[in-house]
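Me: I'd like to learn how to read the features of a model like this one, step by step. Could you walk me through it?

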Amino acid sequence: MVTKTTVIATVLALAMAALLGYRFVFGLGAVANINNGYPWGIWVAYDVVIGTAFACGGYAMALLVYILNKGKYHPLVRPALLASMFGYSLGGFSVLFDLGRWWNFWHILTPGYANPNSVMFEVALCVTCYCLVLWIEFTPAFAEKWGSAATKRKLNKVLFVFIALGVLLPTMHQSSLGTMLVVFGTTVHPLWQTTLLPLLFLISAVSMGFSIVIFEATLVTNVYNRPSEARILGYVTRYIVWLMSAYLVLRWGDIIVEGKLDKVFSSGGLSFVFLLETALFALPIALLAPKANRIKPQMQFIAAVSMLLGGSLYRIDAFLVAYHRAGWHYFPSVGELTVTLGIIGVEVLGYIVFVKKLPVLHPVERALPAAATTAE
């Protein structure tokens, strides 16, 4: 269990814990640079908006395996579910860091305080419920490790309910994260502000879900010397091509129809980050459109990383870079960045521990030699 990766992750987690202790004692302003003009900083933008999109692997695989009935992808489900479980749980928990009166967090789950007309209420409720659903969906792994066959059979009889919720809830809150930006109105630059934001956020989140599955499977294959999963991942890559093609058509079509095309090249630094987003989204299409490339691990990995970077940049730009309030400025503090890295550290550490201690990866007799992997 003690490796260079787990040691680094533990150090980041401990640094985060120390800073959060300071934050909860001395207040939000003692650690964060947020202000009245920028009430949401990097903690919301990364931990919630980007982090939950990274955690859409379980959602994306559930769509394929249980909704589209593509059973051949089943070996990819449990690792994706594990990553989703940690990503969403930590993303939901990290909201506490950004609440000024964090001790009132329970209000969101109390009918007397709830505001069902608020899109933030819908996001908070769906994320909270989805975290619970993910842990329930993962219970068969605990049952296989410590339970009995009878316990696992009983779980399998009721899991279909939670699988259905596990598809519904992310569809709701991932699109609603885009709706939150629609509410921001003119404070968001026209290149990012559109009534299509809910759909664009949902499409990009599903694409990031497929990409994180490829990213994690590639790393696990190399780190644990397992057989290559390039062939089955090759089938997954085609969904990224379709989704990203639809995304770019919708986004650029909206810009053209709304008469914003001139802003693409006349918005200074925002033009640059917008075109960079487009390039990062277009690269997976260019790499994976040829069928021969789809089973090449290197192409899969580069395309997945490009997709994840593009989706992250899109969300950072929309919530922070393209957001502007006259007279106000924001840049994350060292404390905010340290806490964000600590969240990543906890997620990596938890994933490694669960993979090593629980039946997460499908069993194999031995790792295939490099020649066989290449031939495949």
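Reply: Gladly! Let's begin with a cut-off: a residue counts as exposed when its relative accessible area is over 50%, and as buried when that area is under 20%. Keep in mind that this is a predicted model.

Me: Is F272 buried or exposed?

Reply: F272 has a relative accessible area of 57%, so it is exposed. This phenylalanine sits in helix α10, which covers residues 269-288. For a sense of distance, F272 and V355 lie 83 residues apart in sequence, and their C-alpha atoms are 40 Å apart in space.

Me: Thanks. Which class does S118 fall into?

Reply: Values between the two cut-offs count as partly exposed. S118 has a relative accessibility of 23%, so it belongs to that partly exposed class. You will find S118 in the loop between α4 (77-94) and α5 (119-137). Its C-alpha atom is 9.3 Å from that of M180, although the two residues are 62 residues apart along the chain.

Me: And S211, is that one buried or exposed?

Reply: S211 is buried, because its relative accessibility is 0%. This serine is part of helix α8. Apart from neighbours within four places in sequence, S211 contacts I240, A304, M307 and L308.

Me: Let's move to helix packing. What describes a pair of packed helices?

Reply: The description of two packed helices rests on the angle between their axes and the distance between those axes. Take α7 (residues 149-184) and α8 (residues 197-223): they pack at about 135°, and their axes are 7 Å apart. That angle makes α7 oblique to α8. The crossing of α7 past α8 is right-handed.

Me: Which residues make that contact between α7 and α8?

Reply: On the α7 side, the contact is made by P170, T171, Q174, S175, L177, G178, T179, L181 and V182. On the α8 side, the residues are L197, P198, F201, L202 and A205. Sorted by class, the contact of α7 with α8 holds nine nonpolar and five polar residues, with no charged ones.

Me: How does α3 pack with α8?

Reply: Helix α3, residues 57-67, packs with α8 at an angle of about 95°, and the axes are 7 Å apart. That makes α3 roughly perpendicular to α8. From α3 the contact uses G57, Y59, A60, M61, L63 and L64, and from α8 it uses L202, V206, G209, F210, I212 and V213. The contact of α3 with α8 has 10 nonpolar residues, two polar and no charged ones.

Me: What is the handedness of the crossing of α4 and α5?

Reply: α4 and α5 cross in a left-handed way. Their packing angle is about 145°, with the axes 9 Å apart. Here L81, S84, M85, Y88, S89 and G92 of α4 meet V127, Y130, C131, L134, W135 and E137 of α5. By class, the contact of α4 with α5 has eight nonpolar residues, three polar and one charged.

Me: Now the cysteines. How many disulfides does a search of the whole structure find?

Reply: The test is whether two cysteine sulfur atoms lie within 2.5 Å of each other. Across the whole structure, the search finds zero disulfides. For C56, the closest cysteine sulfur is in C131, 12 Å away, so the two are too far apart for a bond. C56 is also buried, at 0% relative accessibility.

Me: What about C126, and where is its nearest cysteine sulfur?

Reply: C126 is in no disulfide either, and its nearest cysteine sulfur, in C129, is 6.7 Å away. C126 has a relative accessible area of 5%, so it too is buried.

Terms used:
Residues are numbered from 1 along each chain as its sequence is written. This is a predicted model: local features need pLDDT of at least 70, side-chain atom pairs count only at pLDDT 80 or more; totals for chains, interfaces and linings use all residues. Side-chain values use heavy atoms; hydrogens and water are left out. Axes are lines fitted to C-alpha atoms, for helices over the stretch in contact, and angles run from 0 to 180 degrees between N-to-C directions. Helices (H or I, at least four residues) and strands (E, at least two) are DSSP runs, numbered from the N terminus. Angles under 35 degrees count as roughly parallel, over 145 as roughly antiparallel, 65 to 115 as roughly perpendicular and the rest as oblique. A crossing is left-handed if the near helix is turned anticlockwise from the far one by less than a right angle, and right-handed if clockwise. Contact means heavy atoms within 4.5 Å. Ala, Val, Leu, Ile, Met, Phe, Trp, Tyr, Cys and Pro count as nonpolar, Asp, Glu, Lys and Arg as charged, and the others, Gly among them, as polar. Buried means under 20% relative accessible area, exposed over 50%, partly exposed in between (1.4 Å probe, protein chains only).
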